[in-house]
Amino acid sequence: MVDPTIHNTTTYLEEIAKGNGKTEFEILILQGLELIHVGKGTLRCRLVVTDRVAGEDGSWNAGVITAVMDSIGASAVYSAGGGLHISVDLNSSFYSTAKIHETVEIEARVNGSNGGLKSAVIEIRRETNGEIIATGRLWMAPLSLKVMHNVSTLSKL
């Protein structure tokens, strides 16, 4: 039997890859994503850099690379179980870049937890030679929403 979190992660990413994401931004950065492996706390995929996410020089935009690391890292954390989490810290290091039409491989794996916090490491490599383009370390906290009833005044904070 397939773990429901792995099934949900796979379905979510496959829908984004088809252009059916929940937000325009997810579609922009992840459309065309090809899943290689989704496991408990691990995710590996392939993505072709498009002109929609490249700068004027034809290089993959660093902000988009960071957003991809956040999205794929969050998906790996979700696949590990424990419900939805929210990013609280993301450190990124850039070693190279990719050009339009270049294919990259993205791997994310949950590598630790501290209380409710979970940590994931994300690597983006050039598919042709395995050269590291960027790495990231992501910390996520459990997402808990509290419904407040009968609130007479709302704070701006």
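Student: What classes do the residues lining the largest cavity divide into?
Tutor: This is a predicted model. In it, the lining of the largest cavity has six nonpolar residues, two polar residues and no charged ones.

Student: Which residues are they?
Tutor: The largest cavity is lined by Leu28, Ile29, Gln31, Leu47, Val48, Val49, Thr50 and Val53. Helix H2 and strand E2 (42-48) each supply at least two residues of that lining.

Student: What volume does the largest cavity have?
Tutor: Its volume is about 30 Å³. The structure holds one cavity of 30 Å³ or more.

Student: How does one find empty space like that?
Tutor: Rolling a probe the size of a water molecule over the atoms shows where empty space is left.

Student: And pockets? How much space lies in the largest one?
Tutor: The largest pocket holds about 460 Å³ of space. It is lined by 24 residues, and those closest to its centre are Tyr12, Glu26, Ser71, Ala74 and Ser75.

Student: Which element gives the most to that lining?
Tutor: Helix H3 gives the most to the lining of the largest pocket, with eight residues. Helix H1 (4-17), helix H2 (24-30), helix H3 (62-79) and strand E3 (85-94) each supply at least two.

Student: What is the lining of the largest pocket like by class?
Tutor: It has 14 nonpolar, eight polar and two charged residues.

Student: Let us change topic. In what order do the strands form the sheet?
Tutor: Six strands form an open sheet in the order E1-E2-E4-E5-E6-E3, with antiparallel pairing. Strand E1 (34-39) and E3 are the edge strands, and each pairs on one side only. On average, neighbouring strands of this sheet are turned by 15 degrees against each other, direction ignored.

Student: Over how many bridges do E4 and E5 pair?
Tutor: E4 and strand E5 (residues 117-126) pair over 10 bridges, in the antiparallel sense. Ser113 stands opposite Lys118 in E5.

Student: Where do H1 and H3 lie?
Tutor: H1 lies across E1 and E2, and runs at about 165 degrees to E1. H3 lies across E1, E2, E3, E4, E5 and strand E6 (132-142), and runs at about 50 degrees to E6.

Technical notes
Residues are numbered from 1 along each chain as its sequence is written. This is a predicted model: local features need pLDDT of at least 70, side-chain atom pairs count only at pLDDT 80 or more; totals for chains, interfaces and linings use all residues. Side-chain values use heavy atoms; hydrogens and water are left out. On a 1 Å grid over the protein atoms alone, a cavity is a set of points where a 1.4 Å probe fits but cannot get out, and a pocket is an open set with protein on both sides within 12 Å along at least five of seven lines; lining residues have an atom within 4 Å of a point. Grid points are joined across faces, edges and corners, and a volume is the space filled by probe spheres set on the points. Helices (H or I, at least four residues) and strands (E, at least two) are DSSP runs, numbered from the N terminus. Ala, Val, Leu, Ile, Met, Phe, Trp, Tyr, Cys and Pro count as nonpolar, Asp, Glu, Lys and Arg as charged, and the others, Gly among them, as polar. Two strands pair if DSSP finds at least two bridges between them. Axes are lines fitted to C-alpha atoms, for helices over the stretch in contact, and angles run from 0 to 180 degrees between N-to-C directions. Contact means heavy atoms within 4.5 Å.
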